[in-house]
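Please view the sequence and the structure together while reading.

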Amino acid sequence: MSLLVFPNVTNPVYPLDEGRENPAISSQMENGMVVSRPRFTRIRKKWTLKWTALKNNEYQILMTFWEKMCGGSQEFQWINPVTAASYTVRFTGEMNFHLTSHDMWEGEITLQEV
């Protein structure tokens with residue numbers, strides 16, 4: 001089964017925030033020492049994509065895709081617009097957009113590598 005692909009809408013604006021999940025788990029011992037180890041063997045990336053002037057038709061495409069993915073329930077393919085690298089991701093957090101003028105939406109979404 002092939003993954004659905006993130007819709008072709010205008011690229012997000014800069015800054016395009018990129019982060020990495022901290023896989024460490026740590027415990028404080030009775031003598032004050034802290035012992036840590038990786039909880040996961042893989043470090044996942046996440047990105048926050050922002051739009052300041054997304055046209056209404058593209059906003060509708062993005063919302064339809066969000067609903068098709070049941071928010072963060074399903075994974076899909078996303079191509080980083082800066083590096084052109086392909087990632088399997090899912091939405092995380094809420095999707096909040098604001099109508100800033102007659103036909104323009106402003107908002108952001110967060111993607112996390114699966």
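The model is predicted, so local features need pLDDT of at least 70, side-chain atom pairs count only at pLDDT 80 or more, and totals for chains, interfaces and linings use all residues. Residues are numbered from 1 along each chain as its sequence is written, and side-chain values use heavy atoms, with hydrogens and water left out.

**Overall fold**

- Along the principal axes, the C-alpha atoms fill a box of roughly 60 × 35 × 25 Å.
- Of the 114 residues, 31% count as buried; buried means under 20% relative accessible area, exposed over 50%, and partly exposed in between (1.4 Å probe, protein chains only).
- The protein exposes about 7,600 Å², of which carbon and sulfur atoms supply 50%; accessible areas come from the Shrake-Rupley method with a 1.4 Å probe, and for residues only the protein chains shown count as cover.
- Among contacts with a separation of 6 or more, 61% are between residues 24 or more positions apart; contact means heavy atoms within 4.5 Å.

- Strands β5 and β6 (residues 86-99) run antiparallel and are joined by four bridges; two strands pair if DSSP finds at least two bridges between them.
- Which residue of β6 is the bridge partner of tryptophan 78? The partner is tyrosine 87.
- Six residues lie between the two strands of the hairpin, where alanine 84 takes a positive phi near 65°.

**Salt bridges**

- Side chains of opposite charge can pair when their charged atoms come close.
- The whole structure holds five salt bridges, each a side-chain nitrogen of Lys or Arg within 4 Å of a carboxyl oxygen of Asp or Glu.
- One of them joins arginine 20 to glutamate 18, at 3.2 Å from N to O; glutamate 18 is partly exposed, at 39% relative accessibility.
- Another joins glutamate 113 to arginine 42, with the closest N and O atoms 3.8 Å apart. Glutamate 113 lies in strand β7 (residues 104-113) and arginine 42 in the loop between β3 (34-38) and β4 (45-55), so this pair ties together parts that are 71 residues apart in sequence.
- Glutamate 113 is buried, at 15% relative accessible area, while arginine 42 is partly exposed, at 42%.
- Glutamate 75 forms a salt bridge with arginine 90, the closest N and O atoms again being 3.8 Å apart. Glutamate 75 lies in the loop between α1 (56-68) and β5, and arginine 90 in strand β6, so the pair ties together parts that are 15 residues apart in sequence.

**Aromatic pairs**

- There are twelve aromatic pairs. Rings of Phe, Tyr and Trp (its six-membered ring) pair if their centres lie within 6.5 Å; planes under 30 degrees apart count as stacked, over 60 as edge-to-face and the rest as tilted.
- The rings of phenylalanine 6 and phenylalanine 76 have centres 6.0 Å apart and planes at 25°, so the pair is stacked. Phenylalanine 6 lies in the segment before β1 (13-20) and phenylalanine 76 in strand β5, so parts 70 residues apart in sequence are tied together.
- Both phenylalanine 6 and phenylalanine 76 are buried.
- One aromatic cluster is formed by Phe6, Phe65, Trp66, Phe76 and Phe91.

**Isoleucine 43**

- Isoleucine 43 is placed in the loop between β3 and β4 and is partly exposed, with a relative accessible area of 48%.
- Leaving aside neighbours within four places in sequence, isoleucine 43 is in contact with Arg20, Glu21, Pro23 and Glu113.
- Isoleucine 43 and glutamate 21 are 22 residues apart in sequence and 5.9 Å apart in space, C-alpha to C-alpha.
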